[in-house]
Amino acid sequence: MSEGPVVGHQWAVELLQNSIRCDTLRHAYLFVGAAQVGKSTLARSFAQTLLCTGAADGRACGSCRSCRLLRAATHPDFFLLPPTDRDGRPDRENGIHRAEQAGDIIRQALLHPVEGRYKVFLIQDAHKANASFANKLLKTLEEPPAHVVLCLTAQDRSALLPTIVSRCQVLALRPLGEQAVEDALRTRWEASPQQAALLARLSNGRLGWAVQQLKEEEPLADRNQRLTELRELSRSSRVARLAFAQKLAAARSQTPLFPLLALWTGWWRDVMLAQSDCLDQCANVDLLDELAAAARDFRRTEVQAYLRTLSRIEGYLHHTVNTGLALDVLLLQMPRPLV
Ligand SMILES: [Zn+2]
C-alpha cells in the first residue's frame, strides 16, 4: 500500500497487500463503514499500489510517474465516481450516480490500460446509486475484463443489490479508537493537543470527519451553530418547531439529515449522561457547562424517551415513506425545559 494517509484499519491494509503480493486479486472490493471512517482513503491507497510501477512487497513507491499522476488526480487508468472538486467534496453539478456514468464505466473498462496493468474504478457512496446505475454496474461485475479492478464504498451493505455485494470482497471498516484519532491529528495533521483531544472525542472514530474540521477556517463552526439552534428549538413554540421541520425537509439536499440526527443524538445522550452524574463520559467535552445546565433543566424521563424517538425516526428516514411527517414528529416530541 502507499505511504499515504491511511491510519488504522491494519487488517484491511494487510489483506489488500497480501492480495497484491500473492497475485490473488479480486475484480471488485466493497469498503463498508460509517461516513468519513476512511473507506475512500484506503481504496485510493490500494489503487495507487496497483497502478504503481515501482511497487515492492505490496507497497507503492510514492515517486514513480504513476504515483505522481495519481496524486495529481490525472492518472488515465484511475476513475473516480462521483467526481469531486479540488477539496475532495462531491462536485455539485455531477456529484450523483447517473445511468450514463455507469455506461462510461462499461465503455472504459473494455479499453486496455494506458499506463500499466490495471484500470481502477472507485465508485464512492454506491448505496446512493439508483437501480438503473446499479444494474449497469452489475453487467461490468458479471464479466469483468482481466485488467479491471472495481472499488466500491458504501455506508451500509444492505442498501446495495445482493448480487453486487456477492461479487465483491467485502471489507467492513470499524471506527478508529479515540486515541488513534488523537495521535494521528497531532502527528500527521499538526493539530494542537487541545484541538486533537476535542476532535477525537467528537469524531466517533471517523478520522476523515476530524481532519475535515481541522481544514475549516473555523473548526466546528457548523456543529456549534447546530447545537445552539437545537437548544433554542427546545425552548420554541410548536409553530416555530413545525416551521423548522418544514425548512429542514425542503433543504435536505443541502443539509443532510443523518449527520444532523447523529449530532442531536450525541447531544441528548450527553444530557442523559450528565443527569446520571457521568459528565466525564460526555462526548461534547467543550460544552460541559451547557450540558450540566441542560441536565438540570430537562426531565430525565423525557430525555430518555426522546433518545428512543431519535433512533426510531432515523430508522424511518432510511426507508422513508414521508420525510415531512417524520420530521414533524421529531421536532414536536423534543423535550421542553422545566423552567
Ligand atoms: Zn509508484
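Start with strand S1, residues 28-32: five of its five residues are buried, so the strand is largely enclosed by the rest of the structure. Buried here is a neighbour count: 20 or more other C-beta atoms lie within 10 Å of the residue's own, while 12 or fewer makes a residue exposed, anything in between is partly exposed, and the C-beta atoms are placed from the backbone. Strands are DSSP runs of E with at least two residues, helices are runs of H or I with at least four, and both are numbered from the N terminus.

Before going on, bear in mind that this is a predicted model, where local features need pLDDT of at least 70, side-chain atom pairs count only at pLDDT 80 or more, and totals for chains, interfaces and linings use all residues. Residues are numbered from 1 along each chain as its sequence is written.

Back to S1. Both of its faces are covered, with Ala28, Leu30 and Val32 buried on one side and Tyr29 and Phe31 buried on the other. S1 also has strand partners, a pair being two strands with at least two DSSP bridges between them. With S4 (residues 148-154), S1 pairs in the parallel sense over five bridges, and there Leu30 stands opposite Leu152. S1 also runs parallel to S5 (residues 169-172), joined by four bridges, and in that pairing Leu30 stands opposite Val170.

Leu30 and Leu152 turn up again in the largest nonpolar core. Of its 57 residues, Leu30, Phe31, Ala47, Val120, Cys151 and Leu152 touch the most other members. A nonpolar core is a set of buried Ala, Val, Leu, Ile, Met, Phe, Trp, Tyr and Cys residues joined through C-beta atoms within 7 Å. Domain 1 (10-172) and domain 2 (177-219) both give residues to this core, so it lies between them. A second, separate core has 19 residues, among them Ala294, Ala295, Tyr306 and Met334. As for Leu152, setting aside neighbours within four places in sequence, its contacts are Ala28, Leu30, Ile123, Ala126 and Cys168; a contact means that two C-beta atoms, placed from the backbone, lie within 7 Å.

Now for the domains, whose bounds come from an automatic or database domain assignment. Besides domains 1 and 2, there is a domain 3 covering 221-339. The C-alpha centres of domains 1 and 2 lie 26 Å apart, and six residues of domain 1 are in contact with six of domain 2. On the domain 1 side of that meeting point, three residues are nonpolar, three are polar and none is charged.

Asp23, in the loop between helix H1 (10-21) and S1, has a phi near 55°, a positive value in a residue other than glycine. With 7 C-beta neighbours inside 10 Å, Asp23 counts as exposed. Asp125 also has a positive phi, about 50°, and is found in the loop between strand S3 (119-123) and helix H5 (131-142). Asp125, though, is buried, with 20 other C-beta atoms within 10 Å.

Finally, the whole chain. There are 15 helices and five strands. The radius of gyration, taken over C-alpha atoms, is 22 Å, close to the 20 Å that the globule rule (2.2 Å times the number of residues to the power 0.38) gives for 339 residues, so the chain is as compact as a globular protein of that length. The C-alpha trace spans about 70 × 45 × 30 Å along its principal axes. Buried residues make up 32% of the 339, and of the contacts with a separation of 6 or more, 70% are between residues 24 or more positions apart.

Technical notes: Ala, Val, Leu, Ile, Met, Phe, Trp, Tyr, Cys and Pro count as nonpolar, Asp, Glu, Lys and Arg as charged, and the others, Gly among them, as polar.
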